[in-house]
Amino acid sequence: MRPAADSNEFRRDLVSVLPKLRRFAMTLTRNAADADDLVQEVCERAITRNHLWNGEGRLESWIYAMTRNLWIDEIRKRRVRTGSGTVDASEQDELSIEASGEKAVYANQLQKMILSMPEGLASVFLLVNVEGHSYREAADILKIPIGTVMSRLSTARMRLAAMITETTERRA
Amino acid sequence: MQSTKGLPLDVRLSAYIDGEVNEAERKELEQLVARDEEARLLLDMLQAGNSFGNKAFEEFLHDPVPLSLVRRIKQGPGVNPKAERVVAAAPRQARLRLWPRALAASVALLLIGGSTGFIIGKTGNDGARPMNMAAARTWLDDIADYHRIYSRQTAEHLVEVPASGDGKIESWLASSVGINFSLPNLSGSGLTFEGARLLVAAGKPVAQLMYKNEAGDVFAICFLKSKPGTTDGKMTESMRDDIAMISWQKAGASYVVVGPSADANLHQLATAVSTAI
């Protein structure tokens, strides 16, 4: 078992990655409420299993893989319950990120655009392009082949480039 | 390194951007881009998507994280994260409104014009950043930036004027910022006073009192003069990445207590400061 002092340090490390973890969770769940629930569940699980963390590599990678697994479990549960799977972000009325005023509306729109990309694109883009994981690391975290990482990444970039024009036209 | 031979060109160029192709393929793709206009435009589009996506995802980090979740992790169960959510950092959101427009306009023009080079994303950034920085910042943003820098300094450079106990810090800062105050003794909260700095935030002088706990975490109390008559003592929590801030206004002054977001007792600390200062 990990000593208490190490456990406290682990909790501390966990808190420091919370904003990133929540962002990653958002790319999976594509709405803030589910992301918060997922993050909470992941953190609780990570704390109870912190003795399994060997301290090598990036803590995020270990936590992200756990997050992805829990989310897949959740999707399966929902499919069993409803028989229809999850609701796509683009079909939702509004992302439930708390904010107010015109600026916040725009923030939601932008986030909504990003998260409304077809499933899997945002997560791959975030891991590789934003957080600097290698293709291999991203593939391990998401449990997908490297070839899928490559094709999703390219598709994500093209979609994001198209959004630039979309955003410009919308605000013109 | 991946072999991308036989894959669609956008996938190959995407891997090239990430440095995930071997040396031979890198050279091959560079030669292709140099001689083929379509390949060059495709690369530009991929890089434009990169820039746009990077900036957008960066903004996700400024979304509020429930502080009760932080406390739950630090202290164990007993708090419901859904019942408490940190106030979002409005100035950060204001930045959202400006940069995509500038970035989008720059990149779209470059793409439409079929401009050359691989620096489209960088060019877009260069154009957007200064506008945003000037438009939306408040004193709390400045304080967060200061804290991020100073809290990483060694003990020798942590403060401008070290703690001395002779009252000089109080008189110096009181005359500089125009607010009389008492130096809070926070030893009951496990904090040792290290000294002070005079900062400038939102164009105004700000007093900064620096404390450390046993673990070496740095906490700061900052205050500046605000509009006369502002006596709203309501405390507002916010987070800037890994920094938590609790601010309030009282008797014509604005105060903020700054500490690591991992600290679960920041609210109690702020309450103690508000009565002691």
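Residues are numbered from 1 along each chain as its sequence is written, while chains are lettered from A and ligands numbered from 1 in the order in which they are written. As the model is predicted, local features need pLDDT of at least 70 and side-chain atom pairs count only at pLDDT 80 or more, whereas totals for chains, interfaces and linings use all residues.

Within chain A, the highest confidence belongs to helix α6(A), at 94, and the lowest to helix α5 (residues 101-115), at a mean of 65. Helices (H or I, at least four residues) and strands (E, at least two) are DSSP runs, numbered from the N terminus. Over residues 85-104 of chain A, pLDDT stays under 50, and the model has 39 contacts beyond four places in sequence for this stretch.

Helix α6 (residues 121-130) of chain A packs with helix α3 (residues 37-60) of chain B at an angle of about 95 degrees, their axes being 10 Å apart. Axes are lines fitted to C-alpha atoms, for helices over the stretch in contact, and angles run from 0 to 180 degrees between N-to-C directions. The two helices, α6(A) and α3(B), are therefore roughly perpendicular to each other (65 to 115 degrees). In this contact (C-beta atoms, placed from the backbone, within 7 Å), Phe125(A), Leu126(A), Asn129(A) and Val130(A) meet Asn50(B), Gly53(B), Asn54(B) and Phe57(B).

Turning to the strands of chain B, β7 (residues 253-260) is mostly covered, with eight of its eight residues buried (20 or more other C-beta atoms within 10 Å of a residue's own, C-beta atoms being placed from the backbone). Strand β4 (residues 218-225) of chain B pairs with β7(B) in the antiparallel sense over six bridges; strands pair if DSSP finds at least two bridges between them. Here Phe223(B) has Tyr255(B) in β7(B) as its bridge partner. Strand β6 (residues 243-250) of chain B also runs antiparallel to β7(B), joined to β7(B) by eight bridges, and Ile243(B) stands opposite Pro260(B) in β7(B). A hairpin is formed by β6(B) and β7(B), with two residues between them, and Ala251(B) in the turn has a positive phi of about 50 degrees.

Conventions
Parallel < 35°, antiparallel > 145°, perpendicular 65-115°, else oblique. Contact = placed C-beta atoms within 7 Å. pLDDT = per-residue confidence, 0-100. Buried ≥ 20, exposed ≤ 12 C-beta atoms within 10 Å, placed from the backbone.
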